[in-house]
Amino acid sequence: MMQSTLKYVGSLGSAMDFAKVGRIEEWIHEYLLSDGNNKAFSDGLVLCKRYYLGPIEIPCALLCRCCGPEENMKFRVNEGGFERKVLSLMSAISAGKDLPPIMVNYADGQLTLNDGNHRFEAYTRLGKTSCYAIIWTSSESEIKEITEKLLGH
């Protein structure tokens, strides 16, 4: 059987195409090593077996940022740069641009935003109540648990 030929694009549509043929992990690493500019995250994901769900639409209320200019952020960044990026993404979203899904870890019953803090902030400022995410875990039982919680199966 001939393997489907997919071309990586840093978009939700591309991620969904890869997911449909069981290659979402490949898309994730392509994204993180190129458009996502997050090699450290890619390197961390390959340290052990991971399980993935998505991309799926999830309520924004389930998430909070861990990166931004605020003092309480785990990863603090320059306020001006953060604002410019968020405003640019808000314009892109309003224009209908196909942005990549955010990436979220599910562990110990909690969802943690790992990649996509600027996109997530743009969605929330625009009043979006949901966004597309790829959820990853390090255990098969946790991927089953979050799948049931979010999808009911």
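**Exercise 1. Which residues in helix α5 (residues 117–125) are buried?**

The model is predicted: local features need pLDDT of at least 70, side-chain atom pairs count only at pLDDT 80 or more, and totals for chains, interfaces and linings use all residues. Residues are numbered from 1 along each chain as its sequence is written, and side-chain values use heavy atoms, with hydrogens and water left out.

Solution. 
- Step 1. Buried means under 20% relative accessible area, exposed over 50%, and partly exposed in between (1.4 Å probe, protein chains only). Helices (H or I, at least four residues) and strands (E, at least two) are DSSP runs, numbered from the N terminus.
- Step 2. Read off α5: N117, R119, F120, E121, A122 and Y123 are buried.
- Step 3. Find the cover. Among the elements that cover these buried residues are the helices α2 (24–33) and α4 (79–94), along with β2 (67–68), β4 (102–107), β5 (110–115) and β6 (130–137).
- Step 4. Look past the end of the helix. G127 follows α5 and has a positive phi, near 80 degrees.

**Exercise 2. Locate S88 and state how far S88 is from H118.**

Solution. 
- Step 1. S88 belongs to helix α4.
- Step 2. Its relative accessible area is 48%, so S88 is partly exposed.
- Step 3. From S88 to H118 there are 30 residues in sequence, and the C-alpha to C-alpha distance is 9.6 Å.

**Exercise 3. Describe aromatic pairs found in the whole structure.**

Solution. 
- Step 1. Apply the rule. Rings of Phe, Tyr and Trp (its six-membered ring) pair if their centres lie within 6.5 Å; planes under 30 degrees apart count as stacked, over 60 as edge-to-face and the rest as tilted.
- Step 2. The search gives three aromatic pairs. One of them is Y8 with W27, a tilted pair at 5.9 Å centre to centre with 45 degrees between the planes.
- Step 3. Y8 lies in the segment before α1 (12–20) and W27 in helix α2, so this pair ties together parts 19 residues apart in sequence. Both Y8 and W27 are buried.
- Step 4. F41 and W136 have ring centres 6.1 Å apart and planes at 50 degrees, so they too form a tilted pair. F41 is in helix α3 (residues 39–45) and W136 in strand β6, 95 residues apart.
- Step 5. F41 has a relative accessible area of 12% and is therefore buried; W136, at 11%, is buried.
- Step 6. Ring pairs also join Y8, W27 and Y31 in a cluster.

How values were computed:
Contact = heavy atoms within 4.5 Å.
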